[in-house]
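Subject: Structure for you to look at

Hello,

Please find the structure below. Notes on what was found in it follow.

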Amino acid sequence: ETEIPEDHPRYASLVTRHRIEAGVEKGITSKQGLIAQGRGEAFDYLLGERTLPSADAAERAAAATLLCADHPVLSVNGNVAALAPAEIVDLAAAVDADIEVNLFNHTDERVRRIADHLREHGADEVKGLAGDGEIPGLDHARGTVDADGIEAADVVVVPLEDGDRAEALDAMGKTEIVVDLNPGSRSPRTADIPIIDNLIRAVPNVTAHARDLADAPASRRDAIDSFDADEALAEAEAAIREGSFGMPDDAAADGDASNA
Ligand code: ATP
Ligand code: MG
């Protein structure tokens, strides 16, 4: 385990990276997941590694939508499991959602490892091994889900989902909440609620909003009605274009020598 000094200007980013590395070593994160992480880091850097006000509004709308759902499901892949296992378990409890492991590069072995990892972090039931349902329009390997999980869900949270599956889920009529740092990617563009934020910041903030909205049905309506997906995507893109390349104290200027 590498020691990272907490006062390092990129502390959060480096901790995140090490979680993904540990995930690969544990056999829960794929090598493709490492590449997705690199892409995410680049976008997060451009966004200033912060939650934009429009992302916070998306997180609040997501919380409200989950609380209003009949059968919400949180989809978990190898990156999500490595980065935020306890946070996913907390969110599932706060909005009474199922957790389903759903992998782009599916193997039963990896699904089992991820399910065990989530249970180590407090999960009760974890779906994804039955594989008795499907997302129409995808080939078998990509489209297999649980019949009483994602197939039956009315609202799905799909963090870091690939574009084809996001579109296929949308075609099934599901309300989709996507977490993705790239506002230009197909997945958030397909989503009813795109959250352009780091999963690590997004998930606990959705949970905090859910706790806040639990006993406030009128505020839930308002959070959903006042959220505009296109506006949120445009604001994230503008923040990237106009950004100061983001480090709060300009530490970015000395480059990142942390890979040594
Ligand atoms: P597609 O158009 O098919 O979605 P893509 O190039 O976006 O193609 P993905 O596999 O979706 O390919 O890429 C991974 C996505 O996950 C990237 O958009 C990246 O920004 C995002 N991502 C990676 N890590 C995180 C994270 N920690 N939080 C939020 N988003 C992340
Ligand atoms: Mg994408």
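**Notes on the model**

Glu 3 counts as exposed because it has 5 C-beta neighbours inside 10 Å (exposed means 12 or fewer other C-beta atoms within 10 Å of a residue's own, buried 20 or more, partly exposed in between, with C-beta atoms placed from the backbone). Glu 3 is in the segment before α1 (11-25); helices (H or I, at least four residues) and strands (E, at least two) are DSSP runs, numbered from the N terminus. Its C-alpha atom is separated by 23 Å from that of Ala 42, 39 residues apart along the chain.

This is a predicted model, in which local features need pLDDT of at least 70 and side-chain atom pairs count only at pLDDT 80 or more, while totals for chains, interfaces and linings use all residues. Residues are numbered from 1 along each chain as its sequence is written, and chains are lettered from A and ligands numbered from 1 in the order in which they are written.

Helix α3 (residues 53-68) is largely enclosed by the rest of the structure, because 13 of its 16 residues are buried.

Strands β1 (residues 72-76) and β2 run parallel and are joined by four bridges (pairing takes at least two DSSP bridges). Val 76 stands opposite Val 101 in β2. In β2 (residues 98-101), Asp 98 and Glu 100 point one way, Ile 99 and Val 101 the other, and all are buried.

The shell around ligand 1 takes five residues from α2, which gives the most. At least two residues each come from α2 (31-47), α9 (186-190) and α10 (199-213).

Regards
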